[in-house]
2 protein chains.
Amino acid sequence: MSTAEQTAGGEAEPWGEVTPDAARRLLVAAVEAFAERGYHATTTRDIAGRAGMSPAALYIHYKTKEELLHRISRIGHDKALDILRTAAGGEGSAAERLADAVSSFVRWHAGRRTTARVVQYELDALGPEARAEILALRRRVDAEVRGIIEDGVAAGEFDVADVKGTTLAVLSLCIDVARWFNIEGPRTPDEVGALYADLVLRMVGARRPGAGRG
Amino acid sequence: MSTAEQTAGGEAEPWGEVTPDAARRLLVAAVEAFAERGYHATTTRDIAGRAGMSPAALYIHYKTKEELLHRISRIGHDKALDILRTAAGGEGSAAERLADAVSSFVRWHAGRRTTARVVQYELDALGPEARAEILALRRRVDAEVRGIIEDGVAAGEFDVADVKGTTLAVLSLCIDVARWFNIEGPRTPDEVGALYADLVLRMVGARRPGAGRG
DNA sequence: GCCGAGGGTGAGCGGGCGCTTAGCCTGCTG
DNA sequence: CAGCAGGCTAAGCGCCCGCTCACCCTCGGC
């Protein structure tokens, strides 16, 4: 709570680590454009225009259009991994940590949907090297969730026959929020997070406190 | 089992309804290209090349590149809806019908992953009219699944607090299979279908026959 | 054998793409 | 005040895009 990257409220400023200001404006414009129309359908002229600059200005701060996507993807995956690590490393039972992980992960995908969309769906637009770097981060994301589920199984809290498959399904469920959120209805990110945490606890066969019919 | 669109084995030939032969070859080539690289990153030269034809040949059978996507999306959604309708209209308890719907829907998304990818992720590349037509089909897909869940709740088979939200989550889980399948591991479509049917029955709080620890 | 229809091709048009270059404008240093 | 570094722009290069056009080849009907 002491750096310039934090607001007065203590909430981290999104993209606060991107400097100078013009580079951040371009990156935010790129996130919006990529999320709306996809990486390949977005032109450098569109990005620069949204940031209120000329097309050439983009190349002062980024070497190519792909570098923009790479930076967005890298920062976004770091944030997603950070969210899961915080939840996985917290106190409490495996069920509590899993519910915390799912609800916060889903809240991020819903609340910062434009970013999440780019992060989750534009991976294939990256070149081989950048792609490999991002895939390594995704493996760590998977490992965090699998770790919680394994803890729950070992503690007898969960009833899961296929840990790898269930981990995949849980993450898949959360990630797909970025695809549909705000299209279907009037749910808030908090509501979706709570609903999904409950559904995931059912998926792993957790004995939920106070759950049951009525 | 009597038309030319069926193979000897009784399995419907994919894209069998697309004639003449050259139009079907172009469409199959387009499905592969769109699935691999995305609609906007695919060129008409690439599609024609995969079909073994010159770029100009495409325009004998299709007015624009977008019409190709529209036809693929339309046929794919029809097929997906057909799968769900068959399962939803079958005999048996709500739990049996839901498990059948999920496993067959997932099997399609996994087994025909290239088609499913295009169908599920390239919607935004369509123009407003085609998009609206496809969205109407998606609403019917949603209604089929919601119908089964409502039946289960009414019969006391399921324990679901938020029917709309749970329907959304179930469909979301199935659809996302098209994104990750064949990337992560060596599961067969049948295995994923069975796993997902089990997970979904847990999500709706169904009393599964023979389920439990050990 | 001739003809018309329809599937196919080679060449290429207009335009928009990612990206570059030459030079301007601003503000800091001394 | 001169000198200059860095952020920025107008103009535009070379390329490849979706799509078109003039023409050709094949084949069934009479």
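This is a predicted model: local features need pLDDT of at least 70, side-chain atom pairs count only at pLDDT 80 or more; totals for chains, interfaces and linings use all residues.
Modeller: Local features require pLDDT of at least 70 and side-chain atom pairs count only at pLDDT 80 or more, while totals for chains, interfaces and linings use all residues. Residues are numbered from 1 along each chain as its sequence is written, and chains are lettered from A and ligands numbered from 1 in the order in which they are written.

Biologist: How do you know that the span of helix α8 of chain A agrees with its number of residues?

Modeller: The expected span is 1.5 Å times one less than the number of residues. For the 13 residues of α8(A), residues 163-175, this should be 18 Å, and the end C-alpha atoms are 18 Å apart, which agrees.

Biologist: What makes α8(A) largely enclosed by the rest of the structure?

Modeller: A residue is buried if 20 or more other C-beta atoms, placed from the backbone, lie within 10 Å of its own, exposed if 12 or fewer, and partly exposed in between. In α8(A), 11 of the 13 residues are buried, so the helix is largely enclosed; among them are Gly165(A), Leu168(A) and Cys174(A).

Biologist: Why is Glu91(A) called exposed?

Modeller: Glu91(A) has 6 C-beta neighbours inside 10 Å and therefore counts as exposed. Glu91(A) is found in the loop between α4 (65-88) and α5 (94-111) of chain A.

Biologist: Why are α8(A) and α8(B) called roughly perpendicular?

Modeller: Angles under 35 degrees count as roughly parallel, over 145 as roughly antiparallel, 65 to 115 as roughly perpendicular and the rest as oblique. The two axes cross at roughly 115 degrees and come within 9 Å; α8(A) and α8(B) are therefore roughly perpendicular to each other.

How values were computed: Helices (H or I, at least four residues) and strands (E, at least two) are DSSP runs, numbered from the N terminus. Axes are lines fitted to C-alpha atoms, for helices over the stretch in contact, and angles run from 0 to 180 degrees between N-to-C directions.
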